[in-house]
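This briefing covers a few local features of one protein chain. Please look at the sequence and the structure before reading the points below.

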Amino acid sequence: MDRKYRIVSADSHLEIPADRWTPRVPARYRDRAPRTVKLANGGDATLVENQPLSVLGLAVTGKPYEEFKPTGVTYEGNPGTGSPEQRMREQDQDGIDAEVIFTGPGNVRFWRGIADNEAFRAVIHAYNEFLAEEYCAPAPDRLIAIAVIPTTGIDDAIKELEYCARAGLKGVMLATFPNGTGVPAPEDDRFWGAVIDLNMPLTVHVRLLTNERPVFRYRRRPSEAEVFALDPVLNLVRFAGESALNAVQMIMAGIFDRFPKLRIYFAETMIGWIPYFLSQLDDNYQRTRHWAERYYGLEPPPRPLGEYIREHCWWGFISDRFGVEIRHRIGVEHVMWGSDFPHSAGNWPYSRKVIDATFEGVPEDERSLMVKGNAVKFFHLQDGLAA
């Protein structure tokens, strides 16, 4: 029987001690897996080689703002850090029917501190296996955990993607482009094609890691003596949010032209900035396109850039009343509300109150799309209320 969804959080998080899932890492790599350590202040942190400690400081929801503190936070006794059964009780307490659940912030990048590629891949796979076989198993229609993709190259990315599809996971998250860098590459096409063939929902949490400069593989690069040192694609998004760059990288690389069925969800971006970004993008592109093509070989896409954004990109928000007010300039069908549970940007267990305030005056059919309908469609959920 299909679950009847009324509210689905399209952006929540899994904050649990590493030892809940690292026993699944093969024994020969387990000493390199993340592990939980206790700090002098009594708080919990995660230790990974070649990385500073990752302190548990965000899982503090359910407390008055005056009592938030980013220190001394522990897994034990906090909301969102327990068993799947505890999680579902917390959903009920919040009036939420299901959650799309991402890892903790930046986990894949953090785990990449593991220098040995095989050990890193084993850690990624163990986490995904834990999601499929253990965490989501009690209620896969309520615990919609998003798998993670390794950043060690296209073959590894596709192999893990195929496992996630076989295991029944309902979406995957990229931390970099599939080739393992912050710049799109021709070999990524194999991954995009596999995503479509497997009908696997594709997500990014906020943004891809794009520390490389330039942010694009240009056909040619003039010397700084010839032109003022500019990165044309980066120049297009200078008035935008973090995730805008990734969307524009994909457009300029022709990814959406070659794969017109590809869709991607950027979670936890907020949405109020998007109409402004789109207007600036069009203006910046007209000012940039001619010299970028002349000096960098950057070929113009066959369609206006904004059309690709509106057709291929979905966006997530938590509390963004302004964004909801201007929703028609973004596309009501392309935005999804999320609680961010158990992080402090959310309002558990009062999400229903936040939703009522955020969507005040919004017609019920549009509200329903943003708080559950778009998530149901994007993640291929079976909604008993949709009939």
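In strand 3, Asp44 is the bridge partner of Lys38. The model is predicted, so local features need pLDDT of at least 70 and side-chain atom pairs count only at pLDDT 80 or more, while totals for chains, interfaces and linings use all residues. Residues are numbered from 1 along each chain as its sequence is written, and side-chain values use heavy atoms, with hydrogens and water left out.

**Strands and hairpins**

- Helices (H or I, at least four residues) and strands (E, at least two) are DSSP runs, numbered from the N terminus.
- Strand 2 (residues 35-38) pairs with strand 3 (residues 44-47) in the antiparallel sense over four bridges; two strands pair if DSSP finds at least two bridges between them.
- The hairpin of strand 2 and strand 3 has five residues between the strands, and Gly42 there takes a positive phi near 90°.
- Strand 3 also runs antiparallel to strand 4 (residues 54-55), joined by two bridges.
- Val55 in strand 4 is the bridge partner of Ala45.
- In the hairpin of strand 3 and strand 4, with six residues between the strands, Asn50 takes a positive phi near 65°.

**Helix 3 and helix 4**

- The axes of helix 3 (residues 117-135) and helix 4 come within 10 Å and cross at roughly 15°. Axes are lines fitted to C-alpha atoms, for helices over the stretch in contact, and angles run from 0 to 180 degrees between N-to-C directions.
- Helix 3 and helix 4 are therefore roughly parallel to each other (under 35 degrees is roughly parallel, over 145 roughly antiparallel, 65 to 115 roughly perpendicular, and the rest oblique).
- Contact means heavy atoms within 4.5 Å; among the residues that meet are Arg121 and Glu129 in helix 3, and Asp156 and Tyr163 in helix 4.

**Helix 7 and helix 10**

- The axes of helix 7 (residues 242-252) and helix 10 (residues 305-312) come within 10 Å and cross at roughly 110°, which makes helix 7 roughly perpendicular to helix 10.
- Helix 7 contributes Ala247, Ile251 and Met252 to the contact, and helix 10 contributes Leu305, Tyr308 and Ile309.

**Thr151**

- Thr151 is found in the loop between strand 7 (147-148) and helix 4 (154-167).
- Is Thr151 buried or exposed? Thr151 has 12% relative accessibility and therefore counts as buried (under 20% relative accessible area; exposed is over 50%, partly exposed in between, with a 1.4 Å probe and protein chains only).
- Leaving aside neighbours within four places in sequence, Thr151 is in contact with residues including Val108, Phe120 and Gly180.
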